[in-house]
Amino acid sequence: MSFAPLPETAAWRHHTARAGFEVARFRPQRVEGCTTAVEGGHAWVVDYAIDLDPGWVTRRAVVTSRSAAGVRSTLLESDGAGRWRVDGSPAPHLDGCLDVDLESSAMTNTFPVHRLGLRAGGGSSAPAAFVRALDLGVERLDQRYARAGERSYDYAAPVFGVECRLEFDACGLVLEYPGLATREA
């Protein structure tokens, strides 16, 4: 599947799981963004800058979180073949992951959809380096995408008990993530 060029910016309203807003800015092989939210009574802000290679594989991500607990920042670096370093230290628990997935973001679902290029009816696992919003903890997230229609994908993240259909626009950006976010601009 080929996608239309990404817009300069996009925004999502987060709902149900959290109340908040996310804005992302797209540049060639780089995405910068910010999510502000209240979740479980905790207010937080997460800023991110993510660098991708031409095949949509995450190569570097700088993530900063601000909350009542203070300011935290983490650096994830990938060799592009599924080996990672977190804050300069090897992270073998992330071996095989090609994407970064931010708990704070609906936008990061864009990466595997573009990278995988699934045909209708096709599916693939897409494990990701998952970064928590509040403490920036980094863990492996086993997930799966299956192309269900022209612009819809069945998504599953068993560790969270999540199975849903994600709707995307012509650019490959999430329009509707049930229980999490809706594209606003």
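## Disulfides and cysteines

Counting as a disulfide any pair of cysteine sulfur atoms within 2.5 Å, the count for this predicted model comes to zero disulfides. C97 is in no disulfide, and the nearest cysteine sulfur, that of C164, is 19 Å away.

Because its relative accessibility is 0%, C97 counts as buried, while C34, at 24%, counts as partly exposed; here buried means under 20% relative accessible area, exposed over 50%, and partly exposed in between, with a 1.4 Å probe and protein chains only.

Strands are DSSP runs of E with at least two residues, numbered from the N terminus, and two strands pair if DSSP finds at least two bridges between them. Strand 3 (residues 30-39) and strand 4 run antiparallel and are joined by ten bridges, with W44 in strand 4 as the bridge partner of A37. The two form a hairpin with two residues between them, and G40 in the turn has a positive phi of about 60°.

Strand 4 also pairs with strand 5 (residues 58-67), in the antiparallel sense over nine bridges, and V45 has R66 in strand 5 as its bridge partner. Eight of the eleven residues of strand 4 (residues 42-52) are buried, so strand 4 is largely enclosed by the rest of the structure.

## The sheet 9-11-12

An open sheet of three strands has the order 9-11-12 and mixed pairing. Its edge strands, each pairing on one side only, are strand 9 (99-102) and strand 12 (138-141). Strand 9 runs parallel to strand 11 (residues 128-131), to which four bridges join it, and A129 in strand 11 is the bridge partner of V100.

## Basis of the values

Residues are numbered from 1 along each chain as its sequence is written, and side-chain values use heavy atoms, leaving out hydrogens and water. In this predicted model local features need pLDDT of at least 70 and side-chain atom pairs count only at pLDDT 80 or more, whereas totals for chains, interfaces and linings use all residues.
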